[in-house]
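These are my notebook entries on one structure. I wrote down what I looked up, in the order I looked it up.

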Amino acid sequence: MCGIVGCILKENKDVAPILFSCISKLEYRGYDSIGIATYDNTINVKKGKGDIETVNENLNFEDMKGDLGIAHTRWASTGRPTDANAHPHMDNSQSVAVVHNGTLENYTDLKEELIEEGFTFKSTTDSEVIPNLIKKFMEKGKSLEDALRKTTEKLKGSYAIVAISKDEPDKLVATRKDSPLIVAYGEKGYFVASDTPAVLEYARDVIRPDECEVAVLTKDGIEIHDKNGENVKWESKYIDWTPEMAQKEGHPHFMIKEIIEQSEAVKNTLGQKANIQKIIDEIGDVKRICFVACGTSYHASITGKYLIESMAGIACDVVIASESKYTARTWDEDTLVIFISQSGETYDSRMALKEARKTSKTLAIVNVAGSAMTDEAEFVIQTQAGPEIGVAATKTYIAQLTAIYLFAGLLSKNGELIEELNKVPAYIDEAVKERETIKELSKMYTFAENIFYLGRGFSYPIALEGALKLKEITYIHAEAYPAGELKHGPLALIDEKVPVIVVVPPGEDYDKTMTHIEEVKARGAIVLCVGAKGDEKIAENSKEIIGINPEVTDIIAPLVYTVPLQLVSYYVTIEKGYNPDKPRNLAKVITV
Ligand code: F6R
């Protein structure tokens, strides 16, 4: 999983500072190494292991000459993060340079074939076969574009590729299969990139080439060609996100900025009400709904199931995308399959979407405009969280929930719920204001080795999300359980060394949850309750309490109670000295 960028300027100015600025915006796609290649009579490459700023301090990318070039930020999948494995990769004769995002399943076979033909390799990546294959086809008389096409015929797996060659130094060529790639244009020139935030500062008109089409960018413009090399008529979409929206705006980390922005994300997503009603009308009657998603988006899906089953009375399943193949066999024309994904690019979800389209109506709830799933699903709800840079999903999650609440409320004609949603931004802002208190109490969790999260009903997905956020950024082991399930085994793990965080809003499950607090307290657990401000019963039964506006009851709790748990994870991470925006081993977009 990586970020790629290519640019050709209309005027003869140096492209390297623009490439550097664009690739810096894609650091959330990977950050273990970075590289840039530009053409200036010959192809110059600078690349190295490390994050973008550190590598730039050592190599000074902005010094590079040339008015066209390519850039890459890497998240290692094949081959360790090293200088040699950083992209761009070049062919043996140093005349073709390539950046690649994706995974090639048959690269070892291709590499062996090339080695037999006398090629040598400098890296242990799958990607290095690509420039060598392109060069091989060019030597047989193919143009750069045709050589790229011939090369992709040999590749198995996923890829977005941008290539330049000193034999055709006036252009960039790019193509994709199962990996994201956008083409864009602006005043200064023409761009390709993995994702729109990369280019927003320079280009807002964005084209999304179809699988296996080839984009050819020259100083005169953009052409998109189909697999036979014929011109494809393309249309662009104007993207109105501002570049400032993608900056930290004075906050120490994107994550805290994005937590604070959640009330805005809810307000903006509530603006989708009319669109969502239109989609519900177009979908018509369905007998069954199945949610498919991964990670945090899976937790949003569980909330969706509870809402739709309790309010619309429609049977609902929730399935993790990578485990959906058996459930997929039960989908039919009366099933609506809902895909939830902030990135709209998650490989597992996209593969399940491909399957669902064969039998069922499909709806994608996605944050990134123009992402793959927005093209692939029959119906699309775009959440309005804006760009999320922190790897851990926060505001995109709350925006997903908002879209699901609107969907469930409109589907079940529950006007009261829709009304209630308008109050959520204020509840979130109140919860965010408690952050100094949460920062203080988070200190006591810094040394925990295991933490349990408990909730019943609508509070169960809150607990799940709290635990996931904690483990991914603090590296503390955390488990979430439906509170009633604890006594069926995991209670054996509870003792005085295990903090237990209980989500206990006012509502249907309140009394039962209080009995579970008794259960863990009796085993010596240190209990932190997230509950209604001023609730004395909770205060008596727990060591610490995070108070939420008492008007927030169980049904809308996921939209509000999630916030303090995000803050706990954030402050524990800061206390432990880790960077919450870039958790180890993880990346923002999982296209493998
Ligand atoms: C956790 C997180 C991941 C994603 C998951 C799915 O903070 O962000 O668990 O939720 O990788 O990603 P999307 O929503 O892009 O499909």
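How far is an oxygen atom of the ligand from an N or O atom in the side chain of threonine 346? I found 2.4 Å for that pair. This is a polar contact, meaning a pair of N or O atoms within 3.5 Å; within protein, one must be able to donate a hydrogen and the other to accept it, and residues adjacent in sequence count only if both atoms are side-chain atoms.

I noted the basis before going on. The model is predicted, local features need pLDDT of at least 70, side-chain atom pairs count only at pLDDT 80 or more, and totals for chains, interfaces and linings use all residues. Residues are numbered from 1 along each chain as its sequence is written, and side-chain values use heavy atoms, with hydrogens and water left out.

For glutamate 472, a side-chain N or O atom is 2.4 Å from an oxygen atom of the ligand. For serine 341, a polar side-chain atom lies 2.6 Å from a ligand oxygen. The ligand taken alone exposes 400 Å², and the protein buries 90% of that; these areas come from the Shrake-Rupley method with a 1.4 Å probe.

Helices are DSSP runs (H or I, at least four residues), numbered from the N terminus.

Next I looked up the largest nonpolar core, which has 81 residues. Such a core is a set of buried Ala, Val, Leu, Ile, Met, Phe, Trp, Tyr and Cys residues joined through side-chain atoms within 4.5 Å; buried means under 20% relative accessible area (1.4 Å probe, protein chains only). Among those with the most contacts inside the core are Ile289, Phe407 and Tyr561. Helix 20 (residues 557-576) supplies the largest share, 11 residues. Where does this core lie? Domain 2 and domain 3 both give residues to it, so the core lies between them.

Key: Buried < 20%, exposed > 50% of the residue type's maximum accessible area, 1.4 Å probe, protein only. Helix = DSSP H or I, 4+ residues; strand = E, 2+ residues; numbered from the N terminus. Domains from an automatic or database assignment.
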